[in-house]
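Subject: Structure for your review

Dear colleague,

Please find below the structure that I am handing over to you.

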Amino acid sequence: MFTFKKRLIVQFLFTVALITLVINIVYSHVNDRKPRVVVVLKALESESEYWTIVSEGAKKAFKDFKIDGQVIGTHNLQVTEQIEILRDVLKTKPDALIVAAIQPTSIIPILKEYKNNNIPILLVDTDLDWDGQTMYIGTDNYDLGVKSGQLLGSMLQPGNQVALIHSTNVNPDMVKRLKGSRDALEPIGVNIVTERSADNVSGEVEIAIDEILQKYPNIKGIFAVTDTIAINTMRELEKNGYKIPVIGTDGTLKMLKEVSEGRISATIAQNPYDMGYLSVLNALNTIKGKLSEDRLDTGVDIIIKENSVDRMNFLATKLK
């Protein structure tokens with residue numbers, strides 16, 4: 001027969017075993033839960049090839065690292081919509097947020113709420129002048145501007161006239177690109193005669209190019225801060241009988257095709273697929289407490305006819 005004391009010991013041991021079992025089950029469940037990462041981009045995949053490439057890079061990383069991930073974009077680069085998306089995502093308490101800010105200063109207040117909830121914030125493509133971010137993954141935009149200016153300058157002579165065309169929505173990254181291009185062109189004697197803003201709506205690029213050609217008929221080259229502006233610029237120049245170098249910056253399939261077919265001799269390409277993939281990888285490192293840096297430059301490449309096809313084939317496989 002069990003004595004009362006022995007019965008207490010058995011009950012105690014049973015209780016300890018039960019608690020241990022429950023702890024193991026809970027621990028196993030927590031460990032089995034996939035980390036949740038949300039990526040909020042500037043535009044929907046259906047509206048932008050560039051953001052489609054970023055998205056595909058992120059989705060590949062979700063799969064490779066077994067992450068519960070989601071990619072969301074806005075309609076037509078709407079700042080207010082991006083803020084609302086961020087508010088909705090915050091309610092779900094993700095383990096990490098990755099965001100490409102349309103208008104950096106406008107979203108800092110909502111990002112502060114993420115920080116107050118101890119949710120790490122990684123910036124992709126577009127940097128912020130804010131000390132609350134965990135990491136920036138993307139292009140060194142000043143370096144991109146310098147390389148673009150050097151590439152354009154290599155096709156010109158001292159004294160040649162060039163124009164710079166940028167988006168109407170000028171963010172800090174655009175400012176860095178423009179400054180980099182100036183710093184590369186001016187020392188070699190290339191004359192920047194005008195800087196214009198023009199977006200790809202309501203024929204703004206066409207109007208801007210027509211006005212530039214009327215005022216500066218001897219223009220010899222143009223640097224455009226995005227591929228879509230660059231391609232529309234090239235089309236309008238062709239209509240007016242001009243065949244001069246136009247440098248873009250994104251490395252989209254449309255621009256690569258222009259280079260491969262010889263309509264544009266060379267351009268600069270960012271690495272948006274790498275941006276998407278590496279931002280998710282570093283979000284995971286952050287969640288695990290393994291992040292070792294706060295900036296990651298994904299680099300830029302000079303694209304000419306000889307290497308354009310390889311880049312096109314790489315992107316084509318990712319965008320299937």
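A residue counts as exposed when its relative accessible area is over 50%, as buried when that area is under 20%, and as partly exposed in between. Lysine 91, at 66% relative accessibility, is therefore exposed. Please note that the model is predicted.

Side chains of opposite charge can pair when their charged atoms come close. In this model, the count of salt bridges is 17.

Lysine 91 forms a salt bridge with aspartate 88, with an N to O distance of 3.8 Å. The two residues are 3 apart in helix α3 (residues 79-91), which means that about one helical turn separates them. Aspartate 88 is partly exposed, at 45% relative accessible area.

A second salt bridge joins the side chains of glutamate 195 and arginine 182, at 2.7 Å from N to O. Because glutamate 195 belongs to strand β7 (residues 191-197) and arginine 182 to helix α6 (residues 172-185), the pair ties together parts that are 13 residues apart in sequence. Glutamate 195 is partly exposed at 34%, and arginine 182 is partly exposed at 24%.

Arginine 311 and aspartate 301 also meet in a salt bridge, at 2.4 Å from N to O. Here arginine 311 sits in helix α11 (residues 305-318) and aspartate 301 in strand β12 (residues 301-304), 10 residues apart. Arginine 311 is buried, with a relative accessible area of 14%, whereas aspartate 301 is partly exposed at 31%.

Finally, salt bridges link Arg235, Glu258, Glu261 and Arg263 in a network.

Kind regards

Note on methods: Residues are numbered from 1 along each chain as its sequence is written. This is a predicted model: local features need pLDDT of at least 70, side-chain atom pairs count only at pLDDT 80 or more; totals for chains, interfaces and linings use all residues. Side-chain values use heavy atoms; hydrogens and water are left out. A salt bridge is a side-chain nitrogen of Lys or Arg within 4 Å of a carboxyl oxygen of Asp or Glu. Helices (H or I, at least four residues) and strands (E, at least two) are DSSP runs, numbered from the N terminus. Buried means under 20% relative accessible area, exposed over 50%, partly exposed in between (1.4 Å probe, protein chains only).
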